[in-house]
Amino acid sequence: MTTTPRVTQRLMMERSLTAMNTGLGRLARTQEQLSSGRLINRPSDSPTGTNDAMRLRAQMSADTQYARNASDGLAALGQTDSTLQSMSDQVRRARDLILQGKSTGSAGPEARAALAAELTQIRESLLTMANTQHMGRSLFGGTSDSKVAYQPDGTFVGDSNAIERTIGQGITAKVNTTGPEAFGVGADNLFNVLTETITNMTTNPDALGADLDRLDAVAGSMRTALADVGTRYGRVETAMSTLTDVNLTNSAALSEVENVDIAKAVVDLQMQEVAYQAALGATARVLQPSLLDFLR
Amino acid sequence: MSGTFSSFNTALSALRYNRVAMDVASGNVANAGTEGYARRQVIGQATGAPAVPAMWSRWDVNAGDGVQPGGIKRMVDPLLDARARLEHAASGFLDTRVASLNRFETALAEPGENGVAAALAAYQAGWHDVANNPGDPAARAQLIARAETLRGAIVSQDRAVRTEWADQRSRLTAAAEEVEQVAKELAKVNDGLRSAYVAGTDAGVLLDQRDLLTMRLSELTGSKITIKADTTVDVTVQGQPLVSGNVSTPVTVTGATELTDPPGAPVEFRVGNAALTLTAGEVGGIQSVMNTDLPNYLAKLDAFVGQLVSDTNTQHALGNDADGNPGGAFFSGTTAATLAVAITDPSDVAAGDPSKGALDGSNASKLAGLDMGGRSYRELITSTGVLISSANRGAANQAVLVSQVDASREALSGISIDEEMVNLLAAQRGYEGASRVLTTIDSVLDTLINRTGLLR
């Protein structure tokens, strides 16, 4: 004789309860995932996923900041570039005027006085541009907090420190050009050369040839500075677009780790719902009948 | 050779026996939902010759001496009960631990936008912004605000750990009180059991209570029990007697009353004078959370805070603030609880390199590039996640085991209404049969007594 295990009402009840609770628990979990849209709602949901998510989040936050730094740097470089550009134009005009003054045949003292007046205007204009401010600091003044980079007499009052922006983990880019780099050093700087030229224009036209050479030297260093700024602009811009790309990739990866695959979750929900309803139905049918129903 | 009326006795014994069977069945039905009630079964015994023959006397061999209830059996299996106690103790340990850890885990707010990791990233970004605009007081003020946010996130974790610890401390006290109460009740039950044993009376209800109380003690403490010959039980917790006969040992909780840095004396569960650290039962679960998991988390959180403070302050001291003075301490404190932002004036943020101009931000740049404990914090969260998910799995496995053992116990001791109905019907039919026997014998005797010799 085989013995069948005794099955009691209470056993059935408890099993049904467990089955229903398990079903409801699974439903609740899927529901939580669907309504929060997230696969990982707490570290224990997936410790490795949590690690990835935190790493990616940190990376993305850093990259976003690097991109901000780069865009801030681009603004400074852009302004430097356009300022240097228009200054070069002015210097070219000054060179023409000096050439006119140098040609003794065509230039009498009155004409030279007029040329000197125009050169003075150009020098003023160049000085104003060299003292351009960017975000509250002078563009060519290095890290100095002086409001201007050059005093009216042409003395440089800034410093020659680099301003750098971090555009990647351990990667920095210089985003400023200091006065001496662009406009020459000390007595040979643009403004001193122009001051002397203006004086020579009226008093000593013979020295204009030498002045022209000095001005050409300054114009050369301005061209070099322009080219340098352009190169750096390109570099920072490339870094910025790379950062944007990387951020896109990372955000896709984060979503892969952290976010719910809606289609899968909905299918899971359907399946669990069916299972739960089956458990409910089975419970309702199993718990009701008893021998009592059939006894008179 | 049986007497004339002995068949009456046989029928009477059947009536009595079936009454008992019906009583037992109705008692079972009545207690179908009673916690701790074990199914009773009446053992029928044919009345027959005594096992020890009397001197000078002879038992007549004849059928139909009747039936008697040989006893009412409680359907329990002590081995199964012992197994159940063991599994319930393990389950109590794991469930308590899991409940506590899960509660504390939700307070971590990781991974997400409101956790410490996000606040740390924002704080580092704040340093970048200061580096970009060293002359802008708004960027400096924002940095200080972000440092405050970071401190808030860290402090709220610290508070969550301490709150959980304090909750568990009061839970442990409550559990100890319950252990003491249950132990006292069990000692009383032991007293009753011994009297019943000596008097030889049925002690079914007391035995039910005994099993229920020992089960609860095991759930609470993982205690071991020894059933004595007189049906009383002795209970020991890690070898320390908790209940011995009708004497129970008082239970107390000693050790630290709040979670401090570094943690104070471990919280101990005292049975009498013996300080115990349990490894099973709800008390064990509470102790493990209080003495291991929470202090470990707090220590690692403090280590992270220490690195944050030292990384920031060391580099900060190398810079110059907006007024050209060397940077002071940016953060004060060394632990999560004592962490504070020491700087309130935005111009005190040392963004610049002393060798450079007043609008230099290179020191802020260097600060922005520091790790500041970010990696160790991530490791902490990951390892906590691993700890909790493995605890969850362990508890889920144990729940399956417990439900299997409970099902086996239920299969043996549980009441099946259908079965009791069948027993009741059988007893009813038996009773009716015995009544019919009476009627038959009555009619036979009627024939013998009233009609014998009568001629019509």
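Leaving aside its neighbours within four places in sequence, which residues is B:R97 in contact with?

**Entry 1: conventions**

I noted that this is a predicted model, in which local features need pLDDT of at least 70 and side-chain atom pairs count only at pLDDT 80 or more, while totals for chains, interfaces and linings use all residues. Residues are numbered from 1 along each chain as its sequence is written, chains are lettered from A and ligands numbered from 1 in the order in which they are written, and side-chain values use heavy atoms, with hydrogens and water left out.

**Entry 2: B:R97**

I looked up B:R97 and found it in helix 2 of chain B. Helices (H or I, at least four residues) and strands (E, at least two) are DSSP runs, numbered from the N terminus. Contact means heavy atoms within 4.5 Å. Apart from neighbours within four places in sequence, B:R97 is in contact with B:S288, B:V289, B:D293, B:L387 and B:A391.

Buried means under 20% relative accessible area, exposed over 50%, and partly exposed in between (1.4 Å probe, protein chains only).

A salt bridge is a side-chain nitrogen of Lys or Arg within 4 Å of a carboxyl oxygen of Asp or Glu. B:R97 forms one with B:D293, and the closest N and O atoms are 2.9 Å apart. The pair links distant parts of the chain, since B:R97 is in helix 2 of chain B and B:D293 in helix 6 (residues 281-317) of chain B, 196 residues apart. I recorded that B:D293 is buried, as is B:R97.

**Entry 3: other salt bridges**

I found a count of 40 salt bridges over all chains by this rule. A:R214 takes part in a salt bridge with A:E196, with the closest N and O atoms 2.5 Å apart. A:R214 lies in helix 6 (residues 208-258) of chain A and A:E196 in helix 5 (residues 190-203) of chain A, so the pair ties together parts that are 18 residues apart in sequence. A:R214 is partly exposed, at a relative accessible area of 22%. A:E196 also counts as partly exposed, at 33% relative accessibility.

A:R214 forms a salt bridge with A:D211 as well, where the closest N and O atoms are 3.8 Å apart. Both A:R214 and A:D211 lie in helix 6 of chain A, three residues apart, about one turn of the helix. A:D211 is buried, with a relative accessible area of 3%.

**Entry 4: chain B as a whole**

I counted nine helices and eleven strands in chain B. How does the radius of gyration of chain B stand against the globule rule? The radius is taken over C-alpha atoms, and the rule is 2.2 Å times the number of residues to the power 0.38. Chain B has a radius of gyration of 38 Å, well over the 23 Å that the rule gives for 456 residues, so chain B is more spread out than a compact globule. Its C-alpha trace spans about 150 × 45 × 25 Å along the principal axes.

Of the 456 residues of chain B, 45% count as buried. Among contacts in chain B between residues at least 6 apart in sequence, 73% join residues at least 24 apart.

**Entry 5: chain B against chain A**

I looked next at the interface, where 51 residues of chain B are in contact with 44 residues of chain A. The two chains bury about 3800 Å² between them, 52% of it on carbon and sulfur atoms. Buried area is the accessible area (1.4 Å probe) that two parts lose on being put together, summed over both.

How many salt bridges does the rule find across this interface? The rule finds four between chain B and chain A. B:E113 forms a salt bridge with A:R57, and the closest N and O atoms are 3.5 Å apart.

Helix 2 (78-106), helix 3 (116-132), helix 8 (374-413) and helix 9 (417-451) of chain B each supply at least two residues of the side of chain B that touches chain A. The largest share of that side, 13 residues, comes from helix 8 of chain B.
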